[in-house]
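Open the model in your viewer and keep the selection tool at hand. The stops below go from one chain to the interface and back to a single residue.

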Amino acid sequence: MALSNLTKNTARHFWVRVAGLTGLLIAVAGVALWATAGLWVGIAPVIIGGAVALIVLVMEMAAAAAAGGTVMRRGAVSSNAAGQIALAALLLVLVNLFSFTHYLRFDWTGDGQFTLPADLREQLAQLRDETRIVVFLPHTPINPQATHPDNYDAAAEAQIVEKVRDLAEQFQELGPRFRVDVLDVKAKGYSDKLAELTKGSPQLAEAISSAKENTIFIQSGDHVQRLGLQDIYQLDKEESKKGGGNLVLRYQGAHPLANKVLNVEEKRPRVAVGVIHEVLGFDNNEGINRNLGMSGAKKVLTGHGFEVRDIILKKWGDGEPEPAVLTRDENKYEELEDRHARLETSVKDYQKDYDEINASLKKFKTSSLDDLNKELCIVVEEGVLVPKKEVEAAEKKIGKKIETMPLEEKHRELLVRNLSVQLVPIELALKRETQERDATASQMKGLNVENLHEQRRITDLHAKLNRSLADADLLIVPRLTLVNVVRGLGIPMQVYRLDPAQISAIKDFIKAGKPVLFCLGPTNEPPGRFDPEAAMGDALEQVVNQLGFRLSRETILFNSEVKSFGQRRPGIVILDPGEKVEIPPTLFDWEPGAGQPGILGKTGDKKTSPVATSLRIAARSLSSDEESQFRLRHPRPVYYVGSGDRAGEGKDRFVDSSVFMMSAAESWNEPQPYPTAKRVPHYEPPKPGTSAADSLEGERRGPFPIAVAAEVAVPKSWFSDKELAGTRARIGVIGHGGAFSGDELSPTQKQLVLDTSNWLLGRDDLLAREGALWQFPRLDLSSLGKVLIFLFLVVGPPALSVFLGAIVFLVRRMR
Amino acid sequence: MRATLSLVRREFSAYFLSPIAYVVFAVFLAVLGYRFNETVAQLSERGPEGVSFPFQFMLTDTWFWLVFLFIPALLTMRLLAEERGSGTLEMLLTVPLRDWQIVASKYAACFAFYLLLWVPTLFYLPVLAAAGVDLRPALSCYLGLALAGGMFLAIGLFVSSLVRSQMVAALLSLALSLVFVIAGFWRSDLDTGTFAYRAKAFFAVPLHFERSFSRGIVDTRQIVLYLSVTVFCLFLTVRSLESRRWR
């Protein structure tokens with residue numbers, strides 16, 4: 001009996017153990033499935049779960065068996081030990097579970113590089129909504145503006161991606177509400193991951209699909225913000241290539257990313273450009289004039305999360321352009337409307353002609369000769385067919401009989417043939433005009449002009465422009481004037497002149513504290529044309545002056561242009577418009593005091609504009625040829641001399657820290673930039689000791705400030721008594737109307753668009769700063785040093801171990 | 001206490017009488033030396049390549065982890081299995097020492113030998129300091145290596161207490177330790193934000209070094225894991241020894 005029980009127990013133990021081992025095998029298979037095939041969401045959890053359940057069951061059975069046999073075989077000691085082991089295992093699991101969810105992270109690095117600043121941690125800790133940070137890596141150069149990436153770009157990308165990932169993970173450490181995903185287009189399973197990430201978030205899907213460069217997306221609910229990797233780390237290629245060529249990065253801090261996370265619900269900034277013709281606006285991307293438009297700037301801005309739109313300030317017709325306030329669609333609609341009306345008239349005219357000829361044709365074809373001869377006859381002398389009534393009337397009038405003859409069959413055939421021939425082109429023209437009219441109507445239907453009818457009802461231009469600007473965050477007013485003084489190419493100043501009501505609306509925009517960027521080219525007119533307003537500055541320029549800026553009346557000419565002005569011979573100047581002119585690139589880096597008139601200029605303010613700093617740093621991440629691609633021909637000097645009601649009066653120094661772009665030094669400011677038969681523009685310094693010598697307007701050598709920006713106090717005189725004075729607004733002035741023009745912008749130009757817009761919009765955290773320098777640690781080793789390290793630290797220790805081991809082995813053998 | 005220390009001394013000195021210890025030393029230092037040489041090459045590079053965290057560069061290498069896995073297994077395989085196999089365990093159990101003291105002595109001896117293995121790497125530090133490397137992450141790295149090594153040694157000791165054959169002990173210990181290492185090399189495509197990644201990262205020792213210790217980050221999750229598994233395995237070893245008394 002006892003033997004039988006023992007056999008039963010042994011068999012039961014055997015099957016329990018087999019079951020346990022099977023469970024373990026299944027669990028291993030489940031884990032392997034999860035690990036290799038990625039079936040975590042599918043079958044693997046079921047297998048692992050089942051296996052774990054089986055193991056638990058087996059353990060329970062084993063424990064029960066052990067408990068049952070305790071008294072009989074192993075006694076209390078073994079059961080006590082089993083209990084202790086079970087408790088210890090439970091404790092191990094519990095302790096680790098607790099530690100998994102409640103943990104601390106200590107950053108032992110010297111500079112605390114894995115620790116977010118305390119203020120950010122505090123602010124981020126208050127966030128409750130789930131935030132997803134997606135690091136999207138299409139592997140573009142780290143400076144998206146770079147067109148010729150090299151090994152520094154590749155190395156920088158690898159480092160910055162790693163560092164951004166670290167930074168994003170620091171956010172994750174703040175709690176489970178932050179989730180970090182890296183979406184690498186080169187990684188295996190990219191498509192699946194993209195689909196998973198964007199499931200349920202069309203906003204994120206759209207943002208990712210529109211991103212052309214390495215981007216960090218911050219998503220919370222329906223809101224998506226974006227940030228470039230270069231907003232966190234900037235590559236300093238210039239510094240990198242010095243010495244040993246170590247990679248140098250400039251850390252921009254955690255604030256740009258934190259600010260995006262904290263302000264994830266912030267709306268996209270809207271940029272409006274006020275242009276006098278649609279050709280000069282954001283949407284001109286086709287045709288021969290596309291380089292006059294700002295489609296390149298549009299690509300850059302929309303690619304960085306801005307919304308852009310044109311406001312067309314003039315309506316062009318047959319005569320002088322009229323002041324207007326139209327969106328691009330409205331402008332187009334008005335153009336199409338005019339065209340439609342013309343086509344409608346034309347169609348009516350053709351239809352009338354067609355009907356008349358067709359009716360005659362029908363008549364000649366179907367009526368009998370007798371019926372025709374009752375009505376018509378042929379005047380013999382002239383050989384024309386006329387109604388009999390008309391002949392009778394003419395005979396009465398002249399008192400003489402007119403010789404006529406009746407219509408014969410041959411005449412009728414000839415008439416039918418002629419009428420049929422006449423009908424063909426009219427029919428074709430009618431068809432063409434009808435098709436064109438219908439196409440125009442269909443184009444009109446496709447335009448968004450929902451506000452047009454309302455706008456038309458508003459006759460007040462001021463109210464119209466105010467309404468148009470209400471939802472804009474930044475206004476750009478470009479005036480492209482001089483293009484080529486040798487060829488006489490340019491747009492005359494007078495066409496840019498705005499209506500006082502429009503000027504007033506722009507002032508209202510500034511009074512609301514909103515930023516404006518004026519891109520105002522030189523106002524010099526060709527010889528023989530004198531425009532007093534251009535000479536004195538029109539109403540818009542006066543607005544800019546009142547804000548503390550001084551717009552020079554000269555044009556900057558470069559020494560390299562002199563050759564193109566031709567050769568001067570006694571009494572005659574031979575112009576050479578075909579001469580290729582190499583304009584020097586614009587500057588973003590200069591000595592303090594550069595551009596100031598007189599000797600005082602040598603001791604300038606060392607503070608620089610944040611836009612200039614950002615542009616300088618961004619330029620350092622470009623190769624030298626990319627960096628030098630931004631050249632502006634015929635800019636004008638612009639100065640910021642201080643704001644207030646008496647801004648700039650009598651001042652002959654500008655504020656150094658307002659300048660963010662300078663012309664090259666090899667230039668001068670020329671009051672008469674057009675070459676004529678009598679005069680070739682050339683540098684004529686004022687006589688020493690005269691007031692002109694030390695004034696901003698006096699002729700002098702470059703460099704000259706050609707772009708300035710400042711936060712200005714809006715003049716009190718702009719406000720009525722009831723309005724609140726004391727408003728400040730960020731204003732930028734660029735001394736060239738085409739600074740942002742072109743279908744394709746140069747790398748530096750793209751950066752200029754972004755940095756200027758960001759600063760004016762108060763998004764200072766997105767401007768590049770000098771930041772903390774990061775570079776790889778470097779060891780400067782001599783050949784001897786390398787040999788010594790190799791001998792004593794690489795080969796020496798293992799060789800010594802082998803030697804000692806061999807000795808021990810020999811000693812043991814001796815024993 | 002004196003007996004315990006005496007046992008520690010005996011076990012520790014026993015390593016130096018066995019050629020296996022020298023083989024371990026040689027292989028371990030050769031692999032580390034090779035990685036250090038690579039690191040020095042990166043540090044003296046001219047151009048945009050380099051290493052930010054030299055210890056991370058040295059330790060995030062499959063070869064290193066392969067060798068690192070074998071070392072605790074080789075150091076612990078003989079500790080109790082040899083005594084069992086040669087029948088000296090019963091004799092050892094008769095000495096006036098408690099079971100936990102025997103286990104602690106053996107563990108202390110092999111842990112001391114393990115630490116000794118790392119001592120030559122301290123000579124790397126002046127070279128790294130000359131390169132301007134922040135040496136504070138080296139501290140966290142050594143702390144992590146000590147604790148992780150301690151955990152693997154405890155696992156090895158426990159396995160050694162269960163079997164008679166040293167080879168079986170080494171292989172079993174290797175297999176158990178592999179659980180903590182292999183996770184680090186699996187599913188590298190997992191997103192750091194997912195629970196699956198966090199679960200994997202909790203166990204994967206190579207990941208702990210890649211992301212934390214070698215870069216100067218000390219995470220309590222990892223320390224708790226190493227210490228708790230160490231204590232648990234030592235406890236199991238004591239119970240394993242005790243079980244011989246009542247079997």
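**Chain A as a whole**

Select chain A: its secondary structure comes to 22 helices and 27 strands, where helices (H or I, at least four residues) and strands (E, at least two) are DSSP runs numbered from the N terminus. This is a predicted model, in which local features need pLDDT of at least 70 and side-chain atom pairs count only at pLDDT 80 or more, while totals for chains, interfaces and linings use all residues. Residues are numbered from 1 along each chain as its sequence is written, chains are lettered from A and ligands numbered from 1 in the order in which they are written, and side-chain values use heavy atoms, with hydrogens and water left out.

Colour chain A by accessibility: 47% of its 815 residues count as buried, that is, under 20% relative accessible area, with exposed being over 50% and partly exposed in between (1.4 Å probe, protein chains only). Of the contacts (heavy atoms within 4.5 Å) in chain A between residues at least 6 apart in sequence, 74% join residues at least 24 apart.

**The interface with chain B**

Now show both chains. The contact takes 67 residues from chain A and 70 residues from chain B. About 5,900 Å² is buried between them, 63% of it from carbon and sulfur atoms; this is the accessible area (1.4 Å probe) that two parts lose on being put together, summed over both.

Five salt bridges cross the interface, each a side-chain nitrogen of Lys or Arg within 4 Å of a carboxyl oxygen of Asp or Glu. Select A:Glu162 and B:Arg211 for one salt bridge, with the closest N and O atoms 2.8 Å apart.

Next, select the side of chain B that touches chain A. Elements giving two or more residues to that side include α1 (2-17), α9 (136-162) and α13 (220-246) of chain B. The largest share, 13 residues, comes from α2(B).

**A strand pair across the chains**

Select residues 105-107 of chain A, which form strand β1. Three bridges join this strand to β1(B), and the two run antiparallel; strands pair if DSSP finds at least two bridges between them. Within the pair, A:Phe106 stands opposite B:Val218.

**A buried aspartate**

Finish at A:Asp153, in helix α4 (residues 151-172) of chain A. Is A:Asp153 buried or exposed? A:Asp153 counts as buried because its relative accessibility is 2%. Its side chain reaches the backbone nitrogen of A:Asp150 at 3.0 Å. Beyond neighbours within four places in sequence, A:Asp153 is in contact with residues including A:His148, A:Lys237 and A:Ser621.

Technical notes: A polar contact is a pair of N or O atoms within 3.5 Å; within protein, one must be able to donate a hydrogen and the other to accept it, and residues adjacent in sequence count only if both atoms are side-chain atoms.
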